[in-house]
Amino acid sequence: MTFSEKLKKAMQDLNINQAQVVGLTGKSKGSVSQYISGKQIPSEKVQCDIAVSLGLEPDYFTKADESIITLSPKNGEIPKLSVDDAAKLLHMNHNTVRKGLQQGVFPWGYGIQTSGNRWVYFINATEVCIGCGMCEGLCPEVFRINDSGQAESYESVSEENQEIVQEAVDGCPVAAIEWVEN
């Protein structure tokens, strides 16, 4: 994972936006924007300082990558997520996700009771936003999480934020964001 990707992940995990990163780190808005876009990579010392400013381990940006959840459709099938992967993306306990699927509260998946206490789960990873908040973390001026727990765009894209919105489109873990011409 690149520094930019790790910074975006940290922002998502900490539920902070670009302006908050600027305030916490003391870096300029321009520098943080360059870091997020991947156009500039700070020195290891600056990466360490940013990590500490955000309350992360000093080696957060320089340590080896963790495993990344990827969607790989096979032979035209709809990509699916495991319950555990969905829970990681949602920052929820896997048992909570299982119960929600069993009770039908999530629009992106469901559980089917096969016998006794056995369940089979289906999570469609392409049809619906899973509400991970990555897009909102990148560009809160355009995206927000609505009352049903899904991301929505509530403002038009401007020239100033078009690039960061494209990063949200490209970075959505379930490819739920797409450009629509007005």
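Which helices do the buried residues of α2 pack against? The partners are α1 (3–14), α3 (29–37), α4 (44–53) and α7 (134–138). Keep in mind throughout that this is a predicted model.

**Stop 1: helix α2**

Select residues 18–25, which make up α2. Colour Q18, V21 and T25: these residues are buried. They span an arc of only 55° around the axis, so they sit on the same side of α2. An α-helix has 3.6 residues a turn, so residues three or four places apart point the same way.

Now turn to the other side of α2. Select A19 and G23, which are exposed.

Next, look at the two ends. Show the side chain of N17, which caps the N-terminal end of α2. One of its side-chain oxygens lies 3.1 Å from the backbone nitrogen of A19. After α2 comes G26, with a positive phi near 80°.

**Stop 2: I50**

Select I50, which you will find in helix α4. Is I50 buried or exposed? Its relative accessibility is 4%, and buried means under 20%, so I50 counts as buried.

Which residues does I50 touch, leaving aside those up to four places away in sequence? Show F3, T25, K27, Y35, P42 and F61. T25 takes you back to the first stop, as one of the buried residues of α2. V21 of α2 is worth a distance label too. The C-alpha atoms of I50 and V21 are 8.7 Å apart, although 29 residues separate them along the chain.

**Stop 3: the aromatic rings**

How many aromatic pairs does a search of the whole structure find? It finds three. Begin with F3 and F61. Their ring centres are 4.6 Å apart and their planes meet at 50°, so this pair is tilted. F3 belongs to helix α1, while F61 is in the loop between α4 and α5 (83–90), so the pair ties together parts that are 58 residues apart in sequence. F3 and F61 are both buried.

Y60 and F61 form an edge-to-face pair, with 5.0 Å from centre to centre and 90° between the planes. Y60 has a relative accessible area of 16%, so it is buried. F61 is at 5% relative accessibility, so it counts as buried as well.

Finally, show Y35 alongside these rings. Ring pairs link F3, Y35, Y60 and F61 into a cluster.

**Stop 4: a hairpin**

Select residues 109–115 for strand β1 and residues 118–123 for strand β2. The two strands pair in the antiparallel sense, over six bridges. Where in β2 is the bridge partner of G109? Pick I123. Then look at the turn. β1 and β2 form a hairpin with two residues between them, and G116 in the turn has a positive phi of about 50°.

**Last stop: the whole chain**

Zoom out and clear the selection. The protein chain has eight helices and four strands. Along the sequence, they follow the pattern α-α-α-α-α-α-β-β-α-β-β-α. Of the 182 residues, 35% count as buried. Among contacts with a separation of 6 or more, 43% join residues 24 or more positions apart. The chain exposes about 10900 Å², and carbon and sulfur atoms supply 47% of that area.

Technical notes:
Residues numbered from 1 in each chain as written. Predicted model: local features only at pLDDT ≥ 70, side-chain atom pairs only at ≥ 80, totals over all residues. Heavy atoms only, no water. Buried < 20%, exposed > 50% of the residue type's maximum accessible area, 1.4 Å probe, protein only. Arc of directions from axis to C-beta. Contact = heavy atoms within 4.5 Å. Polar contact = N/O pair within 3.5 Å; in protein donor to acceptor, adjacent residues only side chain to side chain. Phe/Tyr/Trp six-rings, centres within 6.5 Å; stacked < 30°, edge-to-face > 60°. Pairing = 2+ DSSP bridges. Areas by Shrake-Rupley, 256 points an atom, 1.4 Å probe, with all protein chains shown as cover.
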